[in-house]
Amino acid sequence: MSFSLAVLIPLFLVLFFNLPFYKVSGKIAIFIASLFCIIQAFSFFLPITANCPISQYFMLDFQCDGISRLMLLTTAIVAFSSLLVLYALEDTDRKQFNFVNLILLSLAGMNGLFFVRDIFSIYVFIEVIASTSYVLIAINKDKNSLEASFKYLVMSSVATVMMLSSIAILFLVAGSTDFVTISSMYQQYSGNTLVVVAIVLFIVGLFIKGGVMPFHGWLPDSYLAAPAPVSIYLAGIVTKTTGIYTLIRLFYSVFGFNTSIQSILLIFATISIVFGAFAAINQSNFKRMLAYSSISQVGYIVLGLGAGTTFGVAAAIFHLFNHSIFKSLLFVNSAALEKQVNVSDMNEMGGLASKMPITSTTSVIAFLSTAGIPPLSGFWSKLMIILALWTADLKVFAFIAIIASILTMTYFLIMQKKVFFGKLKEGFENIKEAPLAITFVSILLCAITVVVGIFFPFILNGLINSAVSF
Amino acid sequence: MDSIYVHIILLSLIILFAIFAVSYARVIRGAILLGVVSMLVSISLFLLSSPLAGIFELSVCSGLITVIFVSVISLTIPPDDKQRKMNAISMVKKMTLLFLLVLVCGFSLYVLDSKNITFIPLMQNVQESIDTRDNIWNLRHVDLIGQALILLTGIFAVVVLFKKDTNKDKK
Amino acid sequence: MNILLNIFIIIPVLLGILLYFLPTKYNITKIVLFLITVSLNCFFSIYFYGKEILFNTHVLFRLDLYFRYYDLSSFMILVLAIIAFLTAIYSVAFMKKDKNTYTFYAFMLLALSFTNGILLTDNFIVLLIFWEALMIPMFAMIAVGKNQAFLTAIKTLIISSVADLCLMFGVMLICVVGGSFVISQVNIDISQPGALFAFIMIFLGATAKAGAMPFHSWIPDASVKAPIPFMVFIVTAVEKILSIYLLIRIVKDFFVIDIGSDISIYAMSFGVVTLLVANMLAIYQKDFKKMLSYASIGQAGYMIVAISSITVFGMFAALFHMIAHIVYKSCLFFVAGNIEQAEGSTEISSIKNNLRQTMPYTFISFILAGSAFAGVPFFFAFFSKEMIYESAISVSWIFYICLAVGSLLSAVAIMNWAVKLFFSKPKDKIIQEKEVSTFMFIPTIITALACLMFGIFHKVPYNLITGIIGQETGEHSSIVAVILIVVSVLVLVLALVNNLYTCKKSQSGLGFVLVALNYFKVDKLNENKSFDPYEIFIKLIRKFSNIMFVIDKAVNYFYDVIVPVSVNFVSASVKKAHNGNLSIYLLWVVLGIIFIFIIF
């Protein structure tokens, strides 16, 4: 029962906020929504309660396993940061209210996505998340946001087409769309070209959603043009869930690994890692560089998945969690910069470390984690991915992954130097540190990165082994 | 009415009208042609013996959606001639792209065909008809939740995107 | 009996470190502590003499390190202790004005304790550790000398390191072949595989310590730059003691070699080469201390020849000659120190006064020690030299000829210097006697008198050594002995005649020997320093470093130019490809799908 609450509570909250009798202020809405996120985050640590007297009425066809609980935690943390950043940015009250409602709806969709055991329902919830994202990106209604939202819309529709045709073929072949039937069908007919075509189409659809090269065209523009809380939300969780989590779920619970599909995953992952990193090096806009860095890191996750063993799946999930945390942290820092400095070209910034110490320190830790420096969390997850590849006899890919870390270090060092270190540019003398809400979120996310990194053995046994046992 | 030629004609008409729908610069023509495409699809659904789906398709997509499209488009200011000439993509370019698309599809079909596709027998239990209402309410209530979420999203989309920012909102 | 270890090894180390770190207001205390330590060392070496003590550090350090105090080590420790005592007294006066004196004392104590450690240990690894550790005091003691002494110190370090490398290699091979790390348990037949190579390595290492060629070139440099007590203590005493100790153990205990075998002959030729070249080079020197150092190297050659003859008689001779050499060479160095204190330098050109007048007691010491050096009968070294000749002849008479030539050369050299120093300036009635201070005077006189005393009463050291080596066996045909004595006397007379004759003619004093040597182009040898492998090595290093510099520039070019340019190029092209056009992006999707279908 408690899982369906994760979907139903946001739904009821939205309905509750919009009852026609009174107006709910934006700030109260943020507060209640953040409360819900905190509860969701803590529910990860509580045991699963399956029996409850109210359960009969609210019983939905949900099942929960370790991966879903981990994703619940991740989603809650990112949504919480996004809401706090929203609180700190002074927008109109109505706008904040609309924002909160949309984020709650999106949250409901994501929670639903984590629990369903049916391919068509996966598609439905992906569409829920996508629709809320279209609106969220365009919420400021300036030209760039509308254009970015439109691009996302069109490419998402292509993804929808792929996914629906794939679901149709699978339905045709298996007779029903739930995981159990499909996986038994797969075990019987896994070599059949039709089935493989269907799976490949679905994978392409998910690649478009997840932002893997070369299907990533919408991603940089959307991350750039969306307002700050939406960027955090998108980058932190939306692409990861709709694209990558679904891939993981499909390969872990439904299909097994097939050599040709594995090679598709590996090749596109490598292209994503390498070219994403190359594209990020010369960028002058902070958020765009972070978008390309996202593409590169998503490549790592898919690379871990492509290793084909449960160890690879565990590594992919762990990197997903870590990536959500440190990418959200970087976007929170970009929100702080955007609010305080109002300049988005990196070449015009400089020497901000003395004026905004918390932002610069947390961004240093985030980028060290991305590059994979011990003892932060990014190092452990990258290590697991490389080990998974190595033990699966894919040594070339492991080697490429290691070399790409150097590229990662490059663009992040360039960013740090341009924005935070160096001499203070004129006109920046009055810059103050970002407001408390934003710094609080930065410190929280930074603390999670550091703690997960240092206490990795406990995390390994607690989080990951409970999610995927390898 | 169940012969294969009807289906082939219907499918080719659908593709034809779809191509027409995207090849005009005036959006309102595209919207109306889209309605025609939906109508053809609903006929095809009828012929495939799923009348409920056909009804839904006809009423919602072909009717309601086309009405919404036309009403929204008529609220916009069309671009004047000079702008239209600037933004126009020539018919030649469009036809070349279409041709390329046909080539790509043909190539992919050829590739698919060269790999031996062995067909899988249909599951037997699909043949028994499950009542649609039973299907939606009992088996697929999760999707209903999803549908509710999407509805609410649509409401918010309209509110967010179409409402003007008034100055009396407090910051 | 743990006290043994403490007295000889640990206490000097601790006191040395204490002396180094005490602040300057305790200077008098430092001198007193220094003298007390050295005297204690001397006293206990006499006290424990002759006993046989075994000692294991198992209880202390949980390691099985054995220390063995037996007859050979006790003898060596005694000799070292006495010389250390005399040097200490000398250095108190000699280095009074030097600002680095206390460093010198500290490191001298360290060197003393390390040497004691080498002489006491029964474990190869500890031997190596102490042998290497001895380089630290050596380096420090040279480096506190005059200007430019630092470079000499580095040269010493490098040459000693190379020699020690040979030693290490040899020791490790011995451990592997012999099967044990304990020194007293190793006894290898030379014909075993690997044993020959081990012998060569360890022989090189041991002789290098004494100053055999090609590891000799640091000694002349050090003799000029480093203070005199260093020369006496380290070069004369410690080095010779250690190398003779190790050589005797090699030949007696470690390996079983036949007399007259090939390896023995090669080793003896090695010693002969050292001997001849060093004595030849000694003739050319213009500085008294340098001449003494070359003479030291030559005498080391004598000892190597003696030991390499493998006979018991040879070992006996080497030990005897070692003590004799220490006594007279230290006396000569003390004389040199006195001259330096009085005149400022020991170069020929800078001696102004008639030293016979100003420093009569120094003159007397010089005469005594010089006679011992030349090999005059009834002085200390005469007897040992005869024994060396006899052991050389027992192998082959060619060696004897070379040894005789060598002693002719050394006799000529010392007589030349005698003339130069003491008989060259005219008497001047005005100048007063200006002898050196008491502290410096006493060791000089003691060692000089010892040359004479032990020469007359030569049975005393003879019995001491017999107690160690055992009775010297082997035939001594008296005819051979008589011939040897006659030849030695003839050599001396020849040298004297040569000297007096050429002194009449010119001021040179070297006579026909110089002519003969010039004929052999030895003077060029001296000028070019081509016998100095260290210089050759430095030239090679310079060429090598030029090549490395070019390679480094190429690598830098790669990393600084090529890599960033290519990365920037790729990244700029990728950035250009993302121009925001939606149709382009969709085209990529289509291309991606085609790609999948192709590869799958």
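Analyst: **Helices in chain A**

Helix α11 (residues 259-281) of chain A has 23 residues, which at 1.5 Å a residue should span 33 Å; its end C-alpha atoms are 33 Å apart, in agreement. The expected span is 1.5 Å times one less than the number of residues. Of those 23 residues, 17 are buried, so α11(A) is largely enclosed by the rest of the structure. Buried means 20 or more other C-beta atoms within 10 Å of the residue's own, with C-beta atoms placed from the backbone.

This is a predicted model: local features need pLDDT of at least 70, side-chain atom pairs count only at pLDDT 80 or more, and totals for chains, interfaces and linings use all residues. Residues are numbered from 1 along each chain as its sequence is written, and chains are lettered from A and ligands numbered from 1 in the order written.

Chain A has 18 helices and zero strands. Helices (H or I, at least four residues) and strands (E, at least two) are DSSP runs, numbered from the N terminus.

Now the pair. Helix α15 (residues 377-391) of chain A packs against helix α17 (residues 436-454) of chain A at about 50°, axes 7 Å apart. That makes α15(A) oblique to α17(A), a class left over once angles under 35 degrees (roughly parallel), over 145 (roughly antiparallel) and 65 to 115 (roughly perpendicular) are taken out. A:Ser377, A:Phe379 and A:Trp380 of α15(A) meet A:Thr449, A:Val452 and A:Gly453 of α17(A). Contact means C-beta atoms, placed from the backbone, within 7 Å.

The buried residues of α17(A) include A:Thr449, A:Val452 and A:Gly453.

Conventions. Axes are lines fitted to C-alpha atoms, for helices over the stretch in contact, and angles run from 0 to 180 degrees between N-to-C directions. Two residues are in contact if their C-beta atoms, placed from the backbone, lie within 7 Å. A residue is buried if 20 or more other C-beta atoms lie within 10 Å of its own, exposed if 12 or fewer, and partly exposed in between; C-beta atoms are placed from the backbone.
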